[in-house]
Amino acid sequence: MSICATFNFNSLTIHSPKKRLFSSHLINEIQVTKFPYAFPSVILSKPFKFSKERFKFGTVLATQTVETPKVSFRSKSPKDINVLVVGSTGYIGKFVVKKLIARGYNVIAVARERSGIRGKNSKEETLGLLNGANVCFSDVTTLESLEKSVENLGISVDVVVSCLASRSGGVKDSWKIDYEATRNSLIAGRKFGAAHFVLLSAICVQKPLLEFQRAKLKFEAELMEEAKRDNGFTYSIVRPTAFFKSLAGQVELVKDGKPYVMFGDGKLCACKPISEPDLASFIADCVLSEDKINQILPIGGPGAALTPLEQGEMLFKLLGKEPNFLKVPIQIMDFAIGVLDFLVKIFPSLEDAAEFGKIGRYYAAESMLVWDHDTGEYDAERTPSYGKDTLEEFFKRVLEEGIAGQELGEQTIF
């Protein structure tokens with residue numbers, strides 16, 4: 001049943017199957033007990049075996065032909081443009097909904113009946129969180145439920161914005177959310193007239209070694225195929241670098257006198273972090289900006305790319321403390337992954353735990369920057385910058401106000 005309402009390392013041990021953006025990208029909460037590439041010298045586990053059907057691109061999205069509106073929605077006033085947002089209560093989704101509302105769009109926010117981290121928010125709390133949007137409580141993992149919810153609104157859809165992301169990064173969850181649920185939102189949106197789809201993806205899909213990356217890429221391919229099939233339908237694929245909150249895990253630890261932990265020499269990975277409001281603004285730009293039509297759009301924040309070492313130095317400087325780093329050999333991660341891969345052969349239920357180890361290893365070693373396939377290197381200069389919020393300003397705010405509101409919750413690895 002659909003309901004619609006209108007309202008304008010204390011250790012490196014993996015303890016639970018939860019995914020954290022491994023800031024920087026991995027280390028930032030190496031001392032927390034919880035648990036969007038190629039390593040020639042490292043033997044990683046065998047990749048997940050998926051069926052040919054699962055990875056078959058260009059699947060027909062609907063049984064009926066979709067008629068693109070004769071009058072482009074881009075000629076309308078924002079107040080007359082209906083934007084369907086899925087993943088609306090997620091960390092980025094909340095900012096996107098607010099930004100779209102502020103720009104005058106008629107926002108339809110799809111949410112679970114129990115939203116937020118581990119479903120902690122009630123319907124009333126969700127309505128308050130998404131104030132100003134038409135909130136539809138539905139299940140994006142079930143196409144029939146989603147279609148019924150949109151149908152009950154009694155209005156057409158012009159644009160779909162997907163901020164969906166798997167909550168754990170586990171194998172099954174990745175395919176269920178990053179591919180199937182996102183695909184459902186495309187099918188439902190198209191059924192009710194959507195002529196444009198804005199997808200929040202991740203820059204790390206450039207070098208896919210993880211299941212959530214493969215799932216995202218499969219959907220990206222089908223989205224592009226849909227635009228080829230109907231030249232009246234367009235898309236914008238947004239691939240951001242690291243979020244500010246994914247780099248905040250060690251702020252309070254360092255403030256309390258703990259060392260800043262990093263892998264190797266602290267230069268294994270770099271990023272151009274972007275704030276959540278700035279990313280939401282960029283996503284909102286994609287609704288009408290014709291220069292973003294049918295493009296893959298990597299995006300980072302302002303300023304130069306920062307390594308974990310530079311992030312740590314910035315933090316110590318803000319605190320007025322002498323730098324104190326704890327360097328952890330990356331080989332520790334390789335050993336842990338090897339053990340987990342061995343155990344999976346005996347205990348298949350550990351499949352997700354092994355995947356989380358690979359996620360951690362990935363973010364500990366790979367930069368969140370544009371990958372140059374010709375040179376085989378990451379290129380900070382080719383990674384576009386957007387917005388005005390800086391990581392230094394964010395660190396200052398967290399030091400003064402605390403980490404509340406920046407928790408990763410179900411996206412925690414360590």
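**Exercise 1.** What percentage of the 414 residues in the protein is buried?

*Solution.* The model is a predicted one, and in it buried residues make up 55% of the 414 residues.

**Exercise 2.** Work out whether helices H8 and H11 are parallel, perpendicular or oblique to each other, and describe their contact.

*Solution.* Two packed helices are described by the angle between their axes and the distance between the axes. Begin, then, with these two values: H8, residues 308-319, and H11, residues 391-401, pack at an angle of about 50 degrees, and their axes are 10 Å apart. Next, compare the angle with the cut-offs, under 35 degrees for roughly parallel and 65 to 115 for roughly perpendicular; H8 and H11 are therefore oblique to each other. The crossing of these two helices is right-handed.

Finally, turn to the residues: from H8 come Gln 311, Met 314, Leu 315, Leu 318 and Leu 319, which meet Leu 391, Glu 392, Phe 395, Lys 396 and Leu 399 of H11. Sorted by class, this contact has seven nonpolar residues, one polar residue and two charged residues.

**Exercise 3.** Find where Ala 305 lies and which residues it contacts beyond its neighbours within four places in sequence.

*Solution.* First locate Ala 305, which lies in the loop between strand E9 (295-299) and H8. Then, with those sequence neighbours left aside, list the contacts of Ala 305: Ala 270, Cys 271, Lys 272, Glu 310, Leu 369 and Ala 380.

Definitions and conventions
Residues numbered from 1 in each chain as written. Predicted model: local features only at pLDDT ≥ 70, side-chain atom pairs only at ≥ 80, totals over all residues. Heavy atoms only, no water. Axes fitted to C-alpha atoms, helices over the stretch in contact; angles between N-to-C directions. Parallel < 35°, antiparallel > 145°, perpendicular 65-115°, else oblique. Left-handed = near helix turned anticlockwise from the far one by under 90°. Contact = heavy atoms within 4.5 Å. Nonpolar A, V, L, I, M, F, W, Y, C, P; charged D, E, K, R; others polar. Buried < 20%, exposed > 50% of the residue type's maximum accessible area, 1.4 Å probe, protein only.
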